[in-house]
Amino acid sequence: MITYAEILPQLVETLKPYAKKVGHPKETTDLVSELGLDSLQVMQVLLKIEDQFDISIPLNNLPNIRTVKDLGQEIEQLLKA
Amino acid sequence: MSLFKKFLSIKQAREEILQSGINPFHLTIEKINSATEGVINGRATILVGTNNYLGLTFHPDCIQAAQEALAQEGTGTTGSRMANGSFSSHSDLERAIEDFYGMPHAIVFSTGYQANLGVLSALAGPGDTLLIDGDSHASIYDGCRLGGAEVLRFKHNDVTDLDKKLRRLGDRSRRTLIVVEGIYSMLGDRAPLKEIVAVKQQYGATLVVDEAHSLGVLGKRGRGLAEEADVEQGVDFIVGTFSKSLGSTGGFGISIHPEFEFIRYTSRPYIFTASPCPSVVASTKVALRIIRETPQLREQLWENANALYDGLEKIGYNLGAKVGPVIAAMIPTKEQALAMWQGLLEQGIYVNLMIPPATPNGESLLRCSVSAAHTPKQLETIIQSFANVHSSLKEHTPSLQT
């Protein structure tokens with residue numbers, strides 16, 4: 001089973017093209033206020049991540065995902081389920 | 001005040017638009033003369049943004065039925081059907097909808113928005129999954145939130161992505177409700193329903209089709225996309241509205257499943273709201289009969305849609321989807337869309353201005369909804385006005401040149 005520690009670098013790579021504002025996304029980077037993603041970009045990123053990890057992220061969980069770490073942990077949880 | 005802090009970004013966005021000297025937020029139709037004509041800013045205006053697809057709002061039979069109901073049953077019902085009782089006209093309308101669709105279980109709601117809220121929230125609760133198209137209407141998103149089910153979305157009109165998401169659900173796909181729309185309201189494109197039904201059946205899921213913009217528009221009898229695509233047997237639930245082709249206000253859900261009747265006891269948007277008023281119920285019932293008995297209206301609508309589509313395409317507009325009663329011209333920037341919308345209004349043409357974030361893919365759109373009631377002369381005037389604003393902006397914006 002893939003762990004959070006293994007997910008994180010993959011996730012950072014995926015987010016890099018969207019991180020023009022901050023350069024290199026960190027665990028604490030806020031996806032909206034720091035990466036500056038609008039709602040359309042959030043949707044595009046999530047679809048990309050869903051395919052990358054073969055998971056489906058429920059819309060219900062999105063309000064709790066603010067940082068790169070939150071997103072990584074969500075991916076870990078969904079892979080465990 | 002911190003409570004109002006969240007409105008700051010809206011205030012800024014609004015001010016940014018108002019600085020252009022154009023105010024699209026408080027458009028008022030000062031007088032409505034017919035299904036296609038009104039007065040806006042003191043100017044006679046052709047209405048091309050009303051969703052009045054068959055032009056039935058001024059049909060004499062609908063008006064007469066509404067007037068009679070008003071005189072006989074009063075102005076309102078003053079209560080919900082659960083707490084205060086149904087009028088027999090509510091049940092009559094439900095039987096008429098059942099007859100129209102050839103399905104046995106119809107339920108009437110007070111608005112189309114509430115129909116989606118009421119059906120989706122009652123059908124899918126905790127432990128269930130809703131799998132919705134990414135470009136779904138706000139009423140679908142809100143209905144999903146109200147019910148407490150897990151909500152997933154698939155890429156707009158992408159059956160491969162839908163298949164992928166159903167596969168990932170495993171056994172839970174059998175407790176999954178897929179939600180799509182017949183015609184999507186912004187761009188006017190249609191769901192690939194035949195393929196969606198096939199995938200739904202493969203995974204044992206259940207399917208709702210929102211026919212809000214396709215009722216009266218698609219299908220031999222005007223039942224919508226499910227009829228047009230010849231997959232009515234594969235659709236579990238249909239949701240629709242009275243406020244477009246039927247020319248009034250209200251909504252409905254209908255199903256082949258007898259269990260659908262139980263949502264009357266669980267659907268909060270059905271239980272805790274006043275039932276539709278008698279005049280609305282009466283005119284809707286007559287409009288349904290007119291749709292059934294007058295296929296010529298649908299033929300006229302398509303003739304008009306083809307004429308407007310061809311006219312706009314010839315000018316060089318990039319149109320959002322293939323020909324249909326919703327025709328969306330895609331404009332490169334928000335600023336250009338605003339200026340062109342205002343230009344059209346000054347020439348006596350009202351269309352819908354659609355700008356991000358309310359639009360798919362962040363597009364800026366001038367959205368037309370065609371009516372069977374538009375005359376050839378009106379269509380000619382609309383096309384000419386679109387040509388005028390196109391050439392006036394093309395001079396200043398090379399990106400518009402085609």
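Contact here means heavy atoms within 4.5 Å. The model in every view is predicted.

**View 1. Surroundings of Ser173(B).** Ser173(B) sits in the loop between H7 and strand E7 (176-181) of chain B. Beyond its neighbours within four places in sequence, Ser173(B) is in contact with Leu166(B), Tyr203(B), Gly204(B) and Ala205(B). The side chain of Ser173(B) also reaches the backbone oxygen of Gly170(B), at 3.0 Å. Is Ser173(B) buried or exposed? Its relative accessibility is 4%, so Ser173(B) counts as buried. The cut-off for buried is under 20% relative accessible area.

**View 2. Strand E10 of chain B and its two faces.** E10(B) spans residues 251-255 and is mostly covered. Five of its five residues are buried. In a regular strand, side chains alternate between the two faces of the sheet. On one side of E10(B) lie Gly251(B), Gly253(B) and Ser255(B). On the other lie Phe252(B) and Ile254(B). Both faces are covered, and all of these residues are buried.

**View 3. Strand partners of E10(B).** Which way does strand E4 of chain B run relative to E10(B)? The two run antiparallel, joined by five bridges. E4 covers residues 105-109 of chain B. Phe109(B) stands opposite Gly251(B) in this pairing. Strand E9 of chain B, residues 237-241, also pairs with E10(B). That pairing is antiparallel too, over five bridges. Here Gly240(B) stands opposite Phe252(B).

**View 4. The contact between chain B and chain A.** Chain B gives 15 residues to the contact, and chain A gives 12 residues. The size of an interface is often given as the accessible area lost when the parts come together. Between chain B and chain A the buried area is about 1,200 Å². Carbon and sulfur atoms give 53% of that area.

View 5. How many salt bridges are counted between chain B and chain A? The count is six. One salt bridge is formed by Lys155(B) with Asp51(A), whose closest N and O atoms are 3.8 Å apart. On the side of chain B that touches chain A, strand E6 (150-154) and helix H7 (159-169) are the elements that give two or more residues. H7(B) gives the most, with five residues. The residues on this side of chain B divide into four nonpolar, three polar and eight charged.

Key: Residues are numbered from 1 along each chain as its sequence is written. Chains are lettered from A and ligands numbered from 1 in the order in which they are written. This is a predicted model: local features need pLDDT of at least 70, side-chain atom pairs count only at pLDDT 80 or more; totals for chains, interfaces and linings use all residues. Side-chain values use heavy atoms; hydrogens and water are left out. Buried means under 20% relative accessible area, exposed over 50%, partly exposed in between (1.4 Å probe, protein chains only). Helices (H or I, at least four residues) and strands (E, at least two) are DSSP runs, numbered from the N terminus. Two strands pair if DSSP finds at least two bridges between them. Buried area is the accessible area (1.4 Å probe) that two parts lose on being put together, summed over both. A salt bridge is a side-chain nitrogen of Lys or Arg within 4 Å of a carboxyl oxygen of Asp or Glu. Ala, Val, Leu, Ile, Met, Phe, Trp, Tyr, Cys and Pro count as nonpolar, Asp, Glu, Lys and Arg as charged, and the others, Gly among them, as polar. A polar contact is a pair of N or O atoms within 3.5 Å; within protein, one must be able to donate a hydrogen and the other to accept it, and residues adjacent in sequence count only if both atoms are side-chain atoms.
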